[in-house]
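Q: Please take a close look at one part of this model for me. Keep it brisk, and connect that part to what lies around it.

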Amino acid sequence: MYLIEFKNINHTDDIFSFGKYLTFTKANEMLLEAVNRYKIKGKKSKIGYKIIEQESKDILFNSRIIINGDIESLFNIILNNKGIDIDIKNYVKNVSDEAVIETSINIPEAKKQKEKS
């Protein structure tokens, strides 16, 4: 199982749970809410994200998302990213198609990252 962690770059709304491991389903809900707020307010923002292997907690991929009205879903962002491993894409596709039902039980806490000065 894979998890995702969001990192705040310049997002000002309180939609995201930054610094916590999330299921892709929960993360997608947060992203779509941010897109809806963008459509209302018209203010772009940027967040970072990391894809993590749940058991090892290894970071497998990280990138950024610019939140604007062009985003369909987190699932589409991941599936269309050529840099993401096929195993992760298959997992995300299964979650998107509801062939895999994610559970938030046993999700580990994210490690606290030291702030860079």
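**A close look at strand β3**

A: Strands β1 and β3 run antiparallel, and seven bridges join them. Two strands count as a pair if DSSP finds at least two bridges between them. Strands themselves are DSSP runs of E with at least two residues, helices are runs of H or I with at least four, and both are numbered from the N terminus. This is a predicted model, in which local features need pLDDT of at least 70 and side-chain atom pairs count only at pLDDT 80 or more, while totals for chains, interfaces and linings use all residues. Residues are numbered from 1 along each chain as its sequence is written, and side-chain values use heavy atoms, with hydrogens and water left out.

Start with the partners. Five residues separate the two strands in their hairpin, where K57 takes a positive phi near 65°.

How enclosed is β3? Seven of its nine residues are buried, so the rest of the structure largely encloses it. Buried means under 20% relative accessible area, exposed means over 50%, and partly exposed lies in between (1.4 Å probe, protein chains only).

Take I51 next. Its contacts beyond four places in sequence include Y2, L3, F24, F61, I78 and I88. Contact means heavy atoms within 4.5 Å. I51 also belongs to the largest nonpolar core, which has 28 residues; F6, F16, F24, I51 and I67 touch the most other members. β1, α1, β3, β4, α2 and α3 each supply at least two residues of this core. Its largest share, seven residues, comes from α1. Such a core is a set of buried Ala, Val, Leu, Ile, Met, Phe, Trp, Tyr and Cys residues joined through side-chain atoms within 4.5 Å.

Helix α3 (residues 86-96) has the buried residues I88, K89, Y91, V92 and V95. Seen down its axis, they fall within an arc of 160°, so they line one face of α3. The arc is that of the directions from the helix axis to the C-beta atoms. These residues pack against β1, α1, β3, β4 and α2 (74-79).

Finish with M1, found in the segment before β1. Beyond four places in sequence, M1 touches T23, I52, E53, Q54, Y91 and T103. Its C-alpha atom is 7.8 Å from that of E55, 54 residues apart along the chain. M1 has 33% relative accessibility, so it counts as partly exposed.
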